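Please consider the sequence and the model shown below.

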Amino acid sequence: MNKVTIGITGHRLLTATQKEKLKPVIIKALQNIVFVVREHNDAVSITALSPLAEGADTLFAHAAKSLGLPLKLLLPFEREDYLKEFSSDEVRREFDRLYNEVADENKTVLYEIAGNEVNQLYLDMGKELVGRCDYLVAVWNEKPGNGKGGTAGVVAYALEQKKDILLINPEDEHPFINYLHPDNFKRSGQKEVIDMRETNHLTVDINSKQRHYNDNAVRFNKKYKQVWTLGFICGLVEVLAFSVIISFHVPLTLHFWLAAIEFFCVMVIVFFVLFGRSKQLHSSYVHYRIISERLRIKRFFSELGFRIYHTTVSPIYFSFKEKPEYNILDSTIKVINLSAYSYLSFENKKQRLEKELIQDQES
């Protein structure tokens, strides 16, 4: 799949407080979709598709622009008639600003309003949007709709079409992301809850552990380089001393001192080979570096507030004759289901997740 489209459906009438709370969550939803898509194909083209109604559609458009995603507009009917449905001149001006920033070839008007029921046109537009998108962000209060054309109807249709939906309830005190997987949702009515409050608090703990392992990796790498640097210098001095002895007629005293230097350098090199622990230092460096980078990936997911991945990669020890083969982003992943700990208190939940996460990395 070389092209991916992310669509939006959502409530139009949102309070100022709801809008402020929703802005970062919508951005995180888009970030997660972009990351998941580009993890498999860096060259994929990702486009945001919005009807640009007031409320959720407009917040989505701003979020897409802030992430540098191309924006396309899908209007149910002509702009002049569409603006009559808006609640104030302020939101109309905001519509015009965004509308004028989009090239004409990226604007689509679907129907004519004359002789048609407005709610039916909204529903038809919602279905058309679902058909054009691969992922859908839904800002929905999870309540039944009051009639045709509402967000509830669009989400229901998207589930029927087995679309991946990231649901955000604007009425939650702390809005978070629900992932509606169509098969699971249709079978059991359950959703995978991805609560940013339950993942973001881990960021500090993961960051602390990541710094610890990164510092150890740097320390062992520095020692490893020191051993090999001293060994190289001793080898170079030994070669120079030997070259002088065999190339020039030097006094007996100087010959003695050059031979002594040569012998000393050889003994130092032998000592480094036997007791310098270069192999152990390098293995320790690789060990700590892998864990550090895995924790860095965990921190990235936690900061996105979406999910924390478990990778099957374990610390690798190898001799110099063996080729290390590993993939930090292993394709085999397991989700730590945060909602499974919903019965625990916040502190107990934090301790349980932290323990599970860190044990995974240290195993």
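The model is predicted, and its chain averages a pLDDT of 77. A search of the whole structure finds 10 aromatic pairs and 0 disulfides.

**Confidence**

- Of the residues in the chain, 73% score a pLDDT of at least 70.
- Over residues 196–201 the pLDDT stays under 50, and the model has 22 contacts there beyond four places in sequence.
- Residues 306–339 also have a pLDDT that stays under 50, with 80 contacts beyond four places in sequence.

**Aromatic rings and the charges over them**

- A cluster linked by ring pairs takes in F77, Y82, F86, F95, Y99 and Y122.
- The ring centres of F77 and Y82 lie 5.8 Å apart with the planes at 90 degrees, so this pair is edge-to-face.
- F77 is buried, because its relative accessibility is 0%, and Y82 is buried as well, with a relative accessible area of 1%.
- Two members of the cluster, Y99 and Y122, have a charged residue over the ring: the charged end of K107 sits 3.8 Å from the ring centre of Y99, and R12 lies over the face of Y122, at 5.4 Å from the ring centre.

**Cysteines**

- The search for disulfides finds 0 in the whole structure.
- C234 is in no disulfide; the nearest cysteine sulfur belongs to C265 and is 4.8 Å away.
- C234 counts as buried because its relative accessibility is 13%, under the 20% cut-off; C265 counts as buried at 5%.

**Helix α10**

- Helix α10 spans residues 252–275, which gives it 24 residues.
- From its first C-alpha to its last, α10 reaches 34 Å, close to the 34 Å expected at 1.5 Å a residue.
- The buried residues of α10 include L258, E262, C265, V268 and F272.
- In an α-helix there are 3.6 residues a turn, so residues three or four places apart point the same way.
- After α10 comes R277, which has a positive phi near 55 degrees.

Technical notes. Residues numbered from 1 in each chain as written. Predicted model: local features only at pLDDT ≥ 70, side-chain atom pairs only at ≥ 80, totals over all residues. Heavy atoms only, no water. Disulfide = S-S within 2.5 Å. Buried < 20%, exposed > 50% of the residue type's maximum accessible area, 1.4 Å probe, protein only. Phe/Tyr/Trp six-rings, centres within 6.5 Å; stacked < 30°, edge-to-face > 60°. Lys NZ or Arg CZ within 6 Å of the ring centre and 35° of its normal. Helix = DSSP H or I, 4+ residues; strand = E, 2+ residues; numbered from the N terminus. Expected span 1.5 Å × (residues − 1). pLDDT = per-residue confidence, 0-100. Contact = heavy atoms within 4.5 Å.
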